[in-house]
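Biologist: I'm new to protein models and would like to learn how to read one. Could you take me through this one step by step?

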Amino acid sequence: MAKGDSTVAVPNMKLEKLLCMKGGKGDASYANNSQAQAMHARSMIHLLEETLDRVHLMGSSSSPGLPFQVVDLGCSSGNNTIHTIEVIIKHMTKRYESSGLEPPEFSAFFSDLPSNDFNTLFQLLPPYGGRSMEQCLAATGHRSYFAAGVPGSFYRRLFPARSIDVFHSAFSLHWLSQVPESVLDKRSAAYNEGRVFIHGASEETANAYRKQFQTDLAAFLKARSQEMKTGGSMFLVCLGRTSVDPTDQGGAGLLFGTHFQDAWDDLVQEGLITDEKRDSFNIPVYASSLQDFKEVVEADGSFVINKLQVFKGGSPLVVNHPEDAAEISQSLANTCRSVAGVLVDAHIGDRLSHELFLRLERRAISHAKELLEKLQFFHIVASLSLA
Ligand SMILES: C[S@@+](CC[C@H](N)C(=O)[O-])C[C@H]1O[C@@H](n2cnc3c(N)ncnc32)[C@H](O)[C@@H]1O
């Protein structure tokens with residue numbers, strides 16, 4: 001392939017038409033590389049349940065026959081979203097029963113961008129079980145809710161007004177709606193020359209990323225405030241950082257700003273791509289500080305903050321043999337590929353993308369021990385109720 005071959009690039013394609021985690025059930029698929037997210041989610045269940053305890057119960061006289069509606073935004077494909085929906089419905093059912101109310105029927109909406117592998121997700125769904133709610137709950141291995149997929153960006157309206165009781169979103173809101181235009185514009189002071197991520201970038205680049213994050217979060221809150229029923233609540237978890245400096249992106253910085261960055265530089269140095277080709281790629285992720293997040297929620301004003309905190313998540317690398325450098329570096333490459341592979345494929349084509357992730361894996365091998373210790377994620381956890 002010629003250096004900087006532009007035939008595979010899709011620079012003008014809207015991110016929301018393209019972005020998804022790696023689908024299917026292969027080695028680099030999200031379904032097989034999301035055990036870390038599952039563990040981090042498990043450690044926050046008590047916070048999710050606290051949020052659910054705030055949701056108003058619908059009395060059968062006030063809302064006869066209406067379903068209780070739950071949404072997972074940025075569900076991706078894999079078991080994590082199914083597990084989360086089960087936790088929510090079981091908890092709400094218990095709340096109804098202990099209040100002496102008959103549980104309503106439940107609807108669960110699995111929502112993500114249109115390229116998401118909904119087929120794999122739907123195949124993982126247990127069958128709907130039983131004719132009554134009691135039968136559903138008694139039948140293990142069955143689900144007790146009606147399921148539907150909703151394709152679209154969570155930065156816009158996805159549901160009818162006042163229709164949703166609980167919104168949940170985990171590990172998704174750090175994905176921006178786009179790479180800020182100025183970051184890819186050579187004439188701009190925010191041009192992120194030589195880099196593929198905000199980590200270690202200039203103050204101007206960092207400000208452009210922060211502004212994009214805050215604009216996106218504001219659009220997200222506006223849409224949800226219209227869609228949520230009175231008495232509804234929302235539980236959000238996304239990548240966060242402890243540093244006030246946005247160019248220090250913590251775990252995300254280590255993931256995308258070091259060996260991933262070096263692998264792009266390798267391709268340039270080996271003459272496989274031009275430096276312009278590299279610089280026209282940026283990861284549209286922003287790990288927010290508590291302050292960045294809070295400012296937006298307060299400015300929007302539609303939600304009461306029940307809880308807003310930074311929570312230590314842990315490592316995204318799940319390995320069976322922590323002393324095995326090859327396993328650790330492969331886990332890093334697969335983790336990176338499962339979340340960013342689709343974007344890299346679209347930018348430089350499958351063949352060069354394969355080369356890039358091979359280099360990433362090779363580079364990581366001599367830093368395996370350090371990666372296992374230092375690659376730690378922090379999350380922003382927000383519990384919000386309609387004001
Ligand atoms: C890391 S996955 C999280 C999956 C799942 N929630 C979990 O807990 O394992 C992030 C998901 O967010 C989705 N996403 C990113 N931007 C989005 C947007 N604007 N609208 C809807 N989904 C989006 C991605 O497509 C991806 O599936």
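**Strands side by side**

Modeller: Let's start with a pair you can find on screen: Phe167 stands opposite Met234, which is in strand 5. Counting starts from 1 along each chain as its sequence is written. What you see is a predicted model, where local features need pLDDT of at least 70, side-chain atom pairs count only at pLDDT 80 or more, and totals for chains, interfaces and linings use all residues.

Biologist: How do strands get their numbers, and when do two of them pair?

Modeller: Strands (E, at least two residues) and helices (H or I, at least four) are DSSP runs, numbered from the N terminus. Two strands pair if DSSP finds at least two bridges between them. Here, six bridges link strand 4 (residues 164–170) with strand 5 in the parallel sense.

Biologist: Through which helix does the chain cross from strand 4 to strand 5?

Modeller: It crosses through helix 7 (residues 203–227), and this β-α-β crossover is right-handed. Right-handed means that, with the strands pointing away from the viewer, the path from the first strand over the helix to the second runs clockwise.

Biologist: In which sense do strand 5 and strand 7 pair?

Modeller: In the antiparallel sense, over eight bridges, with strand 7 covering residues 377–386.

Biologist: In what order do the seven strands of the open sheet lie?

Modeller: The order is 3-2-1-4-5-7-6, and the pairing is mixed. Strand 3 (146–151) and strand 6 (303–314) are the edge strands, each pairing on one side only. From one strand to the next, the twist averages 15°.

Biologist: What do we find at those edges?

Modeller: Strand 2 (residues 106–112) runs parallel to strand 3, joined by six bridges, and Ala108 faces Ala147 in strand 3. Strand 6 pairs with strand 7 in the antiparallel sense over 10 bridges, and there Phe303 stands opposite Leu386 of strand 7.

**Buried or exposed**

Biologist: How do I tell whether a residue is buried or exposed?

Modeller: Count the other C-beta atoms, placed from the backbone, within 10 Å of its own: 20 or more is buried, 12 or fewer is exposed, and in between is partly exposed. In strand 5 (residues 228–240), 11 of the 13 residues are buried, so this strand is largely enclosed by the rest of the structure. Strand 7 is also largely enclosed, because eight of its 10 residues are buried.

Biologist: What about residues in loops?

Modeller: Ser76 has a positive phi of about 55°, although it is not a glycine, and it counts as buried because it has 28 C-beta neighbours inside 10 Å. Then look at Arg162, in the loop between strand 3 and strand 4. Arg162 is not a glycine, yet its phi is positive, about 50°; with 12 C-beta neighbours inside 10 Å, it counts as exposed.

**Helices that pack**

Biologist: By what are two packed helices described?

Modeller: By the angle between their axes and the distance between the axes. The axes are lines fitted to C-alpha atoms, for helices over the stretch in contact, and angles run from 0 to 180 degrees between N-to-C directions. Under 35 degrees is roughly parallel, over 145 roughly antiparallel, 65 to 115 roughly perpendicular, and the rest oblique. Helix 3 (residues 45–52) and helix 4 (residues 79–98) pack at about 45°, their axes 10 Å apart, and are therefore oblique to each other.

Biologist: Which residues make the contact?

Modeller: Ile45, Leu48, Glu49 and Leu52 of helix 3, and Val87, Ile88, His91 and Met92 of helix 4. Contact means C-beta atoms, placed from the backbone, within 7 Å.

Biologist: Can you show me another pair?

Modeller: Helix 8 (residues 250–269) packs against helix 11 at an angle of about 115°, with axes 10 Å apart. That angle makes helix 8 roughly perpendicular to helix 11. Among the contact residues are Trp264 of helix 8 and Leu356 of helix 11.

Biologist: Where is His347 found?

Modeller: His347 is in helix 11 (residues 325–365). It is buried, with 22 other C-beta atoms within 10 Å.

Note on methods. Two residues are in contact if their C-beta atoms, placed from the backbone, lie within 7 Å.
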